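Please look at the sequence and the structure first, and then follow the points below by topic.

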Amino acid sequence: MSDKPSSLPIDETGKLCSKPVAGGRLSCEEGELLLRAGDIHELGRAAHKLRLKRVEPRVVTYVVDRNINYTNVCISRCRFCAFSRDIGDEDAYVNQYEPVIRAKITEAVELGAKQILMQGGHHPSLPFEWYLDLLRCIKRDFPKTTLHSFSPPEVVHFSRLFGMPVREVLSRLREAGLDSLPGGGAEILSDRVRSEVSPHKCTADEWIGVMREAHGLRMRTTATMMFGHVETLAERIEHLERIRALQDETGGFTAFICWTYQPENTALGGTAVGGLDYLRTLAVARLYLSNFENLQASWVTMGPKVGQLALMFGANDMGGTMLEENVVAAAGTSYAMTEAELRRLISKAGFTPQRRTTQYELLE
Ligand code: SF4
């Protein structure tokens, strides 16, 4: 579990925080110091100030979307995951396009969804054509929907299973209709952490490598971080440093999203970190990731109230309306909201709610 924050005098925190607000960059050591000991009020103030400078100050964006998990069969069996199943388990499933996935997308599109986020377990025997057909069918029937699907661990799984370089996997998925990649499966980009919590999943270098290739193919992606399990504070900063460096190189990330580990029903167990650790980490992420425009508030794991507070700690986006969420729900904590509730939450926090596309273009 992560080290407990102590306290840095307010003026010391203020000095460190003002560096990114004035256009400078935090070093790894400074980032770790703020994470460990920064004054929470100063962190929030500085992160909010920087957010107001970086993106439209009055607006908080969100996307109407649906999250579809096409299979829960997975050979990786990460220790923090309560969602995956083995082939033959009673509740193992693979959703085919007809009738299940098509019906889910139809329902989402009728509610105004512009984005479909598909992710699944690492299935050992579905052929590559199955994924390509799925993308083609969706694009044929829903040509205006953005397919934001397959996180880097899935791409690496395809590459290993089908003996194909990552670039070829991505090119063929793109030809079949894939528009962009979600940044899932990053957890903490440190191989020490990954070997403890997800030893069979892609390495930190492989995750970064998939994103580099995707950006090279002009596919925009998001970056994520799941924290509050076995990582140290230095490893959280190592994670931020890796994505900041790739953003310098490619500029291909549209947004950063962090959320906390949910321990229920997992092999790893333990306890979830609280709202304050979440807000502190989010604020430090805003200050550290000086080359990112958009940071999402994670109301799905933290709840609507902390989600609202996140808008004062560096977040400028509420993510998706999440018509469906299975992965976090399997680990015991998942909140759901209608679009109207999400808009009300944003308005009550003093901002104008605005629908956006996957690429953060405003829709209204
Ligand atoms: S987190 Fe993803 S890769 Fe890991 S076991 Fe769960 S479904 Fe599989």
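The model discussed here is predicted. Its secondary structure comes to 15 helices and 9 strands.

**Overall form**

- The protein chain has 364 residues and a radius of gyration of 20 Å, which agrees with the value near 21 Å that a compact globule would have.
- Taken along the principal axes, the box filled by the C-alpha atoms is roughly 60 × 45 × 35 Å.
- Buried residues make up 49% of the chain.

**Helices α2 and α11**

- Helix α2 covers residues 28-37 and helix α11 covers residues 275-288; they pack at an angle of about 160 degrees, with their axes 9 Å apart.
- The two helices α2 and α11 are therefore roughly antiparallel to each other.
- Their crossing is right-handed.
- On the α2 side, the meeting residues are Gly31, Leu34 and Leu35; on the α11 side, they are Arg280, Thr281, Val284, Leu287 and Tyr288.
- Within α2, the buried residues are Glu30, Gly31, Glu32, Leu34, Leu35 and Arg36.
- The cover over these buried residues of α2 includes α11 together with α1 (10-21), α3 (40-54) and α10 (233-250).

- Leu26 lies in the loop between α1 and α2.
- Is Leu26 buried or exposed? Leu26 counts as buried because it has 23 C-beta neighbours inside 10 Å, and the cut-off for a buried residue is 20 or more.
- Leaving aside residues up to four places away in sequence, Leu26 touches Lys19, Pro20, Gly31, Leu287 and Tyr288.
- Leu26 and Val166 are 140 residues apart in sequence, and their C-alpha atoms are 32 Å apart in space.

- Helix α6 (residues 152-162) is mostly covered, with 8 of its 11 residues buried.
- The buried residues in α6 are Pro152, Pro153, Glu154, Val155, Val156, His157, Phe158 and Ser159.
- Which elements do the buried residues of α6 pack against? They pack against the strand β3 (115-119) and against α5 (128-141), α7 (166-176) and α9 (204-216).
- The axes of α6 and α9 come within 9 Å and cross at roughly 95 degrees.
- Helices α6 and α9 are therefore roughly perpendicular to each other.
- Pro152, Val155 and Val156 of α6 meet Glu206, Trp207, Val210 and Met211 of α9.
- Gly163 follows α6 and has a positive phi, near 55 degrees.

- An open sheet is formed by 3 strands in the order β2-β3-β4, with parallel pairing.
- The edge strands β2 (65-69) and β4 (146-147) each pair on one side only.
- Strands β2 and β3 pair in the parallel sense over 5 bridges.
- The bridge partner of Asn69 is Gln119 in β3.
- Helix α4 (residues 97-110) packs on the sheet and touches β2 and β3; the direction of α4 makes about 165 degrees with that of β2.

**Backbone details**

- Most residues other than glycine have a negative phi, and most peptide bonds are trans.
- The peptide bond from Glu98 to Pro99 is cis, with omega near 0 degrees; Pro99 is placed in helix α4.
- Asn265 has a positive phi, near 65 degrees, although it is a residue other than glycine.
- Asn265 is in the loop between β6 (253-260) and α11. It counts as exposed because it has 12 C-beta neighbours inside 10 Å, and the cut-off for an exposed residue is 12 or fewer.
- Tyr360, also a residue other than glycine, has a positive phi near 70 degrees.
- Tyr360 is in the segment after β9 (352-355) and counts as partly exposed, with 16 C-beta neighbours inside 10 Å.

Note on methods:
Residues are numbered from 1 along each chain as its sequence is written. This is a predicted model: local features need pLDDT of at least 70, side-chain atom pairs count only at pLDDT 80 or more; totals for chains, interfaces and linings use all residues. Helices (H or I, at least four residues) and strands (E, at least two) are DSSP runs, numbered from the N terminus. The radius of gyration is taken over C-alpha atoms; the globule rule is 2.2 Å times the number of residues to the power 0.38. Two residues are in contact if their C-beta atoms, placed from the backbone, lie within 7 Å. Two strands pair if DSSP finds at least two bridges between them. Axes are lines fitted to C-alpha atoms, for helices over the stretch in contact, and angles run from 0 to 180 degrees between N-to-C directions. Angles under 35 degrees count as roughly parallel, over 145 as roughly antiparallel, 65 to 115 as roughly perpendicular and the rest as oblique. A crossing is left-handed if the near helix is turned anticlockwise from the far one by less than a right angle, and right-handed if clockwise.
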